[in-house]
Amino acid sequence: MSVTHTGVTAAGLEPCGQPDHPDCGIRDVLDRIGDKWSVLVIVELAGGALRFRELQRAVHGISQRMLTLTVRRLERDGLVLRTVYPTVPAQVDYRLTETGTSLTHLVKALADWSLDHRAGIADARRSYDSAHPDHDIR
């Protein structure tokens with residue numbers, strides 16, 4: 001894949017290679033919503049439609065290429081709607097679909113859980129790292 005490649009491929013439709021295997025559906029969905037960029041884009045779009053640059057500014061650390069890939073994948077999965085307005089230059093915005101909106105309460109619950117437990121997780125990591133100085137698993 002080239003550095004500038006931003007196409008969305010059909011690869012991964014059946015991640016376990018067996019379309020009738022019960023894990024295929026959940027793996028496919030978790031692959032999409034389990035990556036950090038997709039979750040952060042969904043969080044930002046939960047507040048309403050955003051243009052590309054607004055979305056890029058809101059998702060700290062995401063490159064233009066990665067944002068392009070992420071919104072295309074979310075659009076392909078039916079979670080994000082991309083609307084092009086007939087202006088010069090063309091304006092494009094992104095918003096969650098009904099399916100994408102139905103994810104927001106789950107993402108919020110995960111965010112709330114992570115905030116509630118981040119101190120305990122940090123303590124556990126420090127404790128583990130102290131007890132296992134030769135195991136760098138970061």
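Hi everyone. The mean pLDDT of this protein chain is 85, and 83% of its residues reach 70 or more; pLDDT is the predictor's confidence in each residue, from 0 to 100. This is a predicted model, in which local features need pLDDT of at least 70 and side-chain atom pairs count only at pLDDT 80 or more, while totals for chains, interfaces and linings use all residues. Residues are numbered from 1 along each chain as its sequence is written, and side-chain values use heavy atoms, leaving out hydrogens and water.

Which elements have the lowest and the highest mean pLDDT? Helix α1 (residues 23-33) is lowest at 76, and strand β1 (residues 50-51) is highest at 97. Helices here are DSSP runs of H or I with at least four residues, strands are runs of E with at least two, and numbering goes from the N terminus. Over residues 11-15, pLDDT stays under 50.

Now to the inside. The largest nonpolar core has 20 residues, and Val 41, Leu 45, Leu 55, Leu 67 and Tyr 94 touch the most other members. Such a core is a set of buried Ala, Val, Leu, Ile, Met, Phe, Trp, Tyr and Cys residues joined through side-chain atoms within 4.5 Å. Buried means under 20% relative accessible area, exposed over 50%, and partly exposed in between, with a 1.4 Å probe and protein chains only. Helix α2 gives this core its largest share, 5 residues.

Let's follow Leu 45. Beyond its neighbours within four places in sequence, Leu 45 is in contact (heavy atoms within 4.5 Å) with residues including Leu 55, Tyr 94 and Arg 95.

Arg 95 pairs with Asp 93, their closest N and O atoms being 3.1 Å apart. Asp 93 is buried, at 9% relative accessibility, whereas Arg 95 is partly exposed at 31%.

Helix α5 has its own pairs. Asp 112 and Lys 108 meet at 2.9 Å, N to O, and they lie 4 residues apart in this helix, about one turn. Arg 126 and Asp 123 form a salt bridge at 2.4 Å; they are 3 residues apart in α5, so about one helical turn separates them.

Leu 110, Trp 113 and Ile 121 make a nonpolar surface patch of about 280 Å². For such a patch, residues need over 30% relative accessible area and no salt bridge, with nonpolar side chains (Val, Leu, Ile, Met, Phe, Trp, Tyr) joined within 5 Å and like charges within 9 Å.

Definitions and conventions
Accessible areas come from the Shrake-Rupley method with a 1.4 Å probe; for residues, only the protein chains shown count as cover. A salt bridge is a side-chain nitrogen of Lys or Arg within 4 Å of a carboxyl oxygen of Asp or Glu.
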